Amino acid sequence: MSAENRNFLYIFQGDSTTGDPRSITQQDVDEALPWIEKYHEKIVAIGEIGLDFTPRFCKTDEDKASQKHALTTWVEIGKKYNLPLSVHSRSAGRPTIALLKETGACNVLLHAFDGRPSVALQGVKAGYYFSIPPSIVRSDQKQKLVESLPLESLLLETDCPALGPEKQVRNEPSNIRLSCEYIARIKKVDIETVAQVMWENSLRLFPRIKKFVVK
């Protein structure tokens, strides 16, 4: 299902009538296409899209194939309209990056990436960005990711209301500063440097947000 929300097009996985989680289908993509065609000049990015191989969403090989087919379609749409992609890759880091590279995806953000740093580095070589949520304060995996990746490939994110500094406690947008502080600590640079580089990275990946910046 899709929904217009000002300047982003959000793609949801799930059944609109029962609320049961399921893999995305080509029909979901087709339903979203008219929105993209109509508003593509105003859209900042398309997301979240991607692969989720957890049992909640992916129960069969057909589900995996359906997700991969949908992601391939989104990549082509992103290239057609020159729109960045915000990509979800839960329990599917390696196949997600492999598919993105295979399909020639560019302007990619790997949101809350849960894979190994060695896999993430393949994305860095392809020019992809990786966003770090406040859960880094309690996540060895996120800390190792920041240790391994260059600042120039990182962004900040909140992923509210999930992925906060405390498990099972509602996350708030203000917690994004914790991501910034923790990255600075790991990289051994000052917070201001991290904030500046993250802002520059954001403008590079999402150039259309410049119109919303108060000068």
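The side chain of threonine 54 makes a polar contact with the side chain of aspartate 52, at 2.5 Å. Threonine 54 belongs to the loop that links strand E3 to helix H2. The model described here is predicted. Its protein chain holds 7 helices and 7 strands, and buried residues account for 47% of its 215 residues.

**Threonine 54 and its surroundings**

- Threonine 54 has a relative accessible area of 14%, and it therefore counts as buried, the limit being under 20%.
- Once neighbours within four places in sequence are set aside, threonine 54 is in contact with Arg90 and Ser91.

**Strand E3 and alanine 45**

- Strand E3 covers residues 45-52, and alanine 45 is found in it.
- Alanine 45 is buried because its relative accessibility is 1%, and the limit for a buried residue is under 20%.
- Alanine 45 and leucine 83 are separated by 38 residues in sequence, yet their C-alpha atoms are 5.4 Å apart in space.

**Helix H2**

- The buried residues of H2 are Asp63, Gln67, Ala70, Leu71, Thr73, Trp74, Val75, Ile77, Gly78 and Tyr81.
- Asparagine 82 follows H2 and has a positive phi, near 55°.

**Helix H6**

- Helix H6 has 12 residues and reaches 17 Å from its first C-alpha to its last, close to the 16 Å expected at 1.5 Å a residue.
- Buried positions in H6 are Leu178, Ser179, Cys180, Tyr182, Ile183, Ala184 and Ile186.
- These buried residues of H6 pack against strand E6 (129-132), helix H5, strand E7 (154-156) and helix H7 (191-205).
- After H6 comes lysine 188, with a positive phi near 60°.

**Packing of H5 and H6**

- Two packed helices are described by the angle between their axes and the distance between the axes.
- Helix H5 (residues 140-148) and helix H6 (residues 176-187) pack at an angle of about 55°, and their axes are 9 Å apart.
- H5 and H6 are therefore oblique to each other.
- The crossing in which H5 passes H6 is right-handed.
- On the H5 side, Gln143, Val146 and Glu147 take part, and they meet Tyr182, Ile183, Ile186 and Lys187 in H6.

**Packing of H6 and H7**

- H6 and H7 pack at an angle of about 115°, with 8 Å between their axes.
- H6 and H7 are therefore roughly perpendicular to each other, as angles of 65 to 115 degrees are classed in this way.
- Cys180, Glu181, Ile183 and Ala184 of H6 make the contact with Ile191, Val194 and Ala195 of H7.
- H6 passes H7 in a right-handed crossing.

**The chain as a whole**

- Among contacts in the protein chain between residues at least 6 apart in sequence, 65% join residues at least 24 apart.

Definitions and conventions: Residues are numbered from 1 along each chain as its sequence is written. This is a predicted model: local features need pLDDT of at least 70, side-chain atom pairs count only at pLDDT 80 or more; totals for chains, interfaces and linings use all residues. Side-chain values use heavy atoms; hydrogens and water are left out. Helices (H or I, at least four residues) and strands (E, at least two) are DSSP runs, numbered from the N terminus. Buried means under 20% relative accessible area, exposed over 50%, partly exposed in between (1.4 Å probe, protein chains only). A polar contact is a pair of N or O atoms within 3.5 Å; within protein, one must be able to donate a hydrogen and the other to accept it, and residues adjacent in sequence count only if both atoms are side-chain atoms. Contact means heavy atoms within 4.5 Å. Axes are lines fitted to C-alpha atoms, for helices over the stretch in contact, and angles run from 0 to 180 degrees between N-to-C directions. Angles under 35 degrees count as roughly parallel, over 145 as roughly antiparallel, 65 to 115 as roughly perpendicular and the rest as oblique. A crossing is left-handed if the near helix is turned anticlockwise from the far one by less than a right angle, and right-handed if clockwise. The expected span of a helix is 1.5 Å times one less than its number of residues.
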